[in-house]
Amino acid sequence: AMASSSTLSTRLHLHSPTSLTSIRSRRPNFLRMLTRSCLDDSSALLRAAEYTVDSYVKSGMVVGLGSGHASGMAIQHLGRQLRNGNLKDIVGIPMSVASASEAAKAGIPLDTYKDSSQIDFAFDDADAVEEGTLVAIIGRRKLQGDESIIQEKSILNAASKLVFIIEDTQYKDGLEGSIPVLIQSLNWLATAEEIDDMFLGDAEVWRRPSIGQAGPLGGDFPLVTKEGHNVLDVIFTSPIESLAEVAKSLNRVDGVVDHGVVSKFPCTVVIASQTGLNVLDKLTADIVG
């Protein structure tokens, strides 16, 4: 059973005086988004990235290095702190080829992820984070080269502490849009149809192509991940009541290998907005059950 919103909010612990409702009311409307310059967004996100490194990374740590715009800025800042001598003995575990090359350029010593890897801290971008529960969606963007949702999730789940760095527009209740689902490619159509039936009326199910346009049947050139799976984009056209429930439903489907829903505790979200940073913590597991 879902906890009521009042009990949820007591489990979220805000470092800044801004309440959740004021984050909600401050979400920029469409007109303001059009007139805001890119520089503003980027500088707010840069502050969030630098804050994340400065607040959570300590010398001697093994750090999971995320993928995406904010993570790229955090990796560059981490490299600067190493060069300045503010941090030492850091080992980075990159979540993607892009984060590995960014980290190599920044001079961060790297190691590859293995199942036994002890990771002290990880940061990552998220496509969206569900308000109140801090459950995140990753993997919406086009997978480059041998990027892997499985690898990214493994590193996030292995980390003792995890931070998602996002913009305030990505933090909301009743999320819509796509959730990537990795499926076995052999009987992919049966799996896709089962998922389609499960979310009938609420979502469309498309197979992601490697080239050309996606379509309900995935075109002639489906994307095959480095582990050999196809990717379905389950595109929710109506608001999702609970990401955790969606994840549970997907986990029960035969042929589903993994998906882009990440539910982890403890988990912290650093939200960049024009008026400063909001830092939210999920310190307990009982939100998702």
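Throughout these legends, a residue is called buried under 20% relative accessible area, exposed over 50% and partly exposed in between, with a 1.4 Å probe and protein chains only. The model is predicted, so local features need pLDDT of at least 70 and side-chain atom pairs count only at pLDDT 80 or more, while totals for chains, interfaces and linings use all residues. Residues are numbered from 1 along each chain as its sequence is written, and side-chain values use heavy atoms, with hydrogens and water left out.

**View 1. Overall content of the protein.** Buried residues account for 49% of the 289 residues. Of the contacts (heavy atoms within 4.5 Å) between residues at least 6 apart in sequence, 77% join residues at least 24 apart.

**View 2. The pair Y51 and Y56.** Rings of Phe, Tyr and Trp (its six-membered ring) pair if their centres lie within 6.5 Å, and planes under 30 degrees apart count as stacked, over 60 as edge-to-face and the rest as tilted; by this rule there are 4 aromatic pairs. Y51 and Y56 make an edge-to-face pair because their ring planes stand at 85 degrees, with the centres 6.3 Å apart. Y51 is partly exposed, at 28% relative accessibility, whereas Y56 is buried, at 13%.

**View 3. The pair F121 and F123.** The planes of these two rings lie at 50 degrees and their centres 6.4 Å apart, so the pair of F121 and F123 is tilted. Both F121 and F123 are buried, and together with Y51 and Y56 they form one aromatic cluster.

**View 4. R207 over the face of W188.** A charge sits over a ring if NZ of Lys or CZ of Arg is within 6 Å of the ring centre and within 35 degrees of the ring normal; R207 lies at 3.7 Å from the ring centre of W188.
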